[in-house]
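Student: I'd like to learn how to read a fold like this one. Could we go through it feature by feature?

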Amino acid sequence: MSSAIILKLECTKNLKCSPSTVFVGDASGNARRWVIGSAWPYIYAVPHLGNLIGSVLSADVFTRYLRLKGDDVIFVSGSDEHGTPIEVEALQLGIKPKELTDRMHEIVKRLFELWEISFDNYTRTESPVHKEFVKGFFMKLYNNGYIITREDEVPYCPKDKIYLPDRFIIGTCPYCGYPYARGDQCENCGRLLEPKLLINPRCAICGSKPTWVKTKHWYLDLTKLEGKVREYVEDNTALPENARQMSLGMLKEGLKPRAITRDNKWGIDAPFPGAEGKTIYVWFEAVLGYISATIEYHRNKNSEDEWKKFWLDENSRVVFFVGKDNIPFHVILLPAMLIASGDPYVMPYTTASTEYLLFEGKKFSKSQRIGIWIDEALALMPVDYWRFVLIYQRPEGRDTSFTWHQALEIINSVLNDVIGNFIHRVLTFIATRFNGVVPGGDLKDVDIRYRDEALAHFKNAEDHYEKIELRDALLETVEIARVGNKYLNERQPWELIKTNKDEAGTVITNALHMVKASSIALWPIIPRSMEELWAMAGFGNLRWSDAYEPPRPGTKVINVRPLFKKISYEEFKSMLKKLEEIRNEKDKGKYPWEQVWLPK
Ligand SMILES: [Zn+2]
Ligand SMILES: [Zn+2]
C-alpha cells in the first residue's frame, strides 16, 4: 500500500473544519481493492443470530463502508455443503445429500437477501467452478511436494457400520480436559484435534466405543510450511488479539501434517494418483471457496482474468470475517496452503474474528430452544432493528450475551429516542416551517462549534471502521445524533423562528447537515432506513466524503415520516407468542427445508 496517496479534503466556505484525510487510492488513481469473505455456513440448517453476527453481517457492514468510501470491493461467500454430517443427515431422511443441500442453499441465500446482505457472489461448494479450482489447487500442492501419504488408523463404529468423521467422535480434550470435545476441534479451548488424541473416545451417534481401522490418507505437510506461516502471523499487525494469540499458541506447539482426505463419498474427489474413492476433507476445500467464488463472479461477467487483480496483486487486501472457532483455518491453514501453491497469492490482510454471542447468557441450542434463528428474527422485527442491535452487541474482545431486555433498550432508547427523534425533529421542522425547502444560511461560531463536534464523531467512526471496530463505529454515529439533539435544545429554532426566520433556517440546515453525516456513518449498518431517509431529505445517493458538505439550500424535503418506533411491553409479549407459534409450526416439518420460516 506504499503507493497510496492521501488527499486533503478542502473545507467549503462555511466549513472551518480541520481538514479530514480521505483515502482516494494509489498513485495510479485506483481505489483501494478488497476481497471480503465471510465464513461459509454449513448448510444443513439455518444459521442463528450468533452465526450471523460473527461472520456474514459483520462482513456486510464492513463491505458497505468500503463501498461508501469508493473502494473496489468483492464480497463473497457460499454454502459449505459437503462432508459426512450432511451425508449422515440425508441418509437418515432417506434422500440424496444433494437434494438436501440444493434446497437449503436456496433458502439460506434467500434469507441473506432478506437480511440485506450485499454479497457480490454467494455461491456453493457444489459449484463446478469451485470443484475444478479445488482439484487444480491441490494438484499444485502435490506437485510442489507438500502432500504426503500415511497409513492411518481411523475410527469406525461397528454398531452404525460407518467410518466416523472427526466431528462424529467425542471424547475428553487432551489439552483442557473438556469431556465433550469433538474429534476435529475442542470447542472449549479452540484447539484443533485429531480423533486419536481424544481420551475415552466414543461414537457421537450411538455412544459406543469405536474400533480403529487401517486406511491410507493424503496429508498436507505443514511441518515444511511452519516457518513461513510463523513469519506471516508475527508480521501481521492487523490481526485481532484473539486470532493472534490462538495462532501463536498453535505455532508454539508446532504444526504437524494434517489429513486432507476422507473416506466419505459426498465431497470433491481427491485428485491425487492412487486416491480413488477418497474425497477432500470439507474444511480444506471450503476455505478455497473465497478464491473460486471470485473467479466464478468474474467468469460470469466474461472478465475472468479480473480475479487476479483481487488475489494476485500485492495491493489487494483480503479480509475474512469469522467466529473465533474458525481462526485456525483462516489464520494458519489457508495461508499455509496459499504459500504451498507457489503462486503469488496475496496473503490475507486480516481475519476479523469475533468472540461468541450467547443468548440470555447461554449457548445457542436448537434442541433446547435457546436462541433465535435468522428466519424467525425476520418475522418479529424489521431487519434494520436486528442489524442495529446485533452490531451494537457485536462480541468484540469478549463474549457478549444477547438479551431481550438490552435489545429493547437499544431499540427504544438509542435507535428511536436518540437517532430517530433527532432525524424526525429536523425533517418535520423543515417540512412544516419552511414548506419543505432546505433554507441554508450563514453559520455563527456557536453553529460551527456544534457542527465540528458532530463531524469529529464522524471522523472517529471512520477510524473505527478502518480498524473493523464496528461496534465502536456505531457508538460514534450515535454521538453525532446526541450532539445534534443538544444543538437543537440550545439553539431552539422553534423559538428563533418567531423573531428571526433566517437564523432559524441556518440552525435547522446545520442540524440537517448533522443528520446527513450520521446517516452516512449509519448506512452500512441500517441501509434500508438510511436510504429511506436519503429519499425523504433529498440527499440522493451519498458517499462517505459527502458528510463534509452541508445540505444544498433549495433541496426539497418530502414524505416525512418517522423511521423507527418504540416497541412496547405489550408488543414484545406478542412477539414472544409469535415466536412460539412459528417454532411449533417449524417443528411439524419433516425435512430441514420445511423447518424454516419464510415470508409469504
Ligand atoms: Zn480443549
Ligand atoms: Zn455408533
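**Strands, a helix and the core**

Tutor: Start with one pair: Ile170 has Arg202 in S10 as its bridge partner. Before going on, note that this is a predicted model, in which local features need pLDDT of at least 70, side-chain atom pairs count only at pLDDT 80 or more, and totals for chains, interfaces and linings use all residues. Residues are numbered from 1 along each chain as its sequence is written, while chains are lettered from A and ligands numbered from 1 in the order in which they are written.

Student: Which strands does that pair belong to, and when do two strands count as paired?

Tutor: In general, strands of a sheet pair through backbone hydrogen bonds, either parallel or antiparallel. Here, two strands pair if DSSP finds at least two bridges between them. Strands (E, at least two residues) and helices (H or I, at least four) are DSSP runs, numbered from the N terminus. Strand S8 (residues 169-172) and strand S10 (residues 199-203) are antiparallel, with three bridges. S8 also pairs with strand S9 (residues 181-182), again antiparallel, over two bridges; there, Gly171 has Ala181 as its bridge partner.

Student: What is the order of the strands in the open sheet?

Tutor: Four strands run S7-S6-S11-S12, with antiparallel pairing. Strand S7 (162-163) and strand S12 (258-259) each have a single partner strand, so one side of each has no neighbour in the sheet. Inside, 10 bridges join strand S6 (residues 147-157) to S11, and Ile147 is partnered by Leu220 in S11. Strand S11 (residues 211-220) and S12 share two bridges, with Tyr219 opposite Ala259 in S12.

Student: Now helices. Is H9 mostly covered or mostly uncovered?

Tutor: An α-helix has 3.6 residues a turn, so residues three or four places apart point the same way. For burial, count the other C-beta atoms (placed from the backbone) within 10 Å of a residue's own: 20 or more is buried, 12 or fewer exposed, and in between partly exposed. H9 is mostly covered, with 10 of its 12 residues buried, including Tyr290, Ile291, Glu296 and His298. Its cover includes strand S3 (33-38), helix H5 (128-143) and helix H10 (307-311). Helix H9 (residues 289-300) reaches 16 Å from first C-alpha to last, close to the 16 Å expected, the rule being 1.5 Å times one less than its number of residues. Just after H9, Asn302 has a positive phi of about 55 degrees.

Student: How many residues are in the largest nonpolar core?

Tutor: The general idea is that in soluble globular proteins, nonpolar side chains tend to be buried together. A nonpolar core is a set of buried Ala, Val, Leu, Ile, Met, Phe, Trp, Tyr and Cys residues joined through C-beta atoms within 7 Å. The largest has 154 residues, and Leu49 and Val426 are among those with the most contacts inside it. Helix H14 (residues 404-433) gives the largest share, 12 residues. A second, separate core has 13 residues, including Phe168 and Ala181.

Student: And what about the chain as a whole?

Tutor: It has 20 helices and 18 strands, and buried residues make up 46% of its 600 residues.

Definitions and conventions: Contact = placed C-beta atoms within 7 Å.
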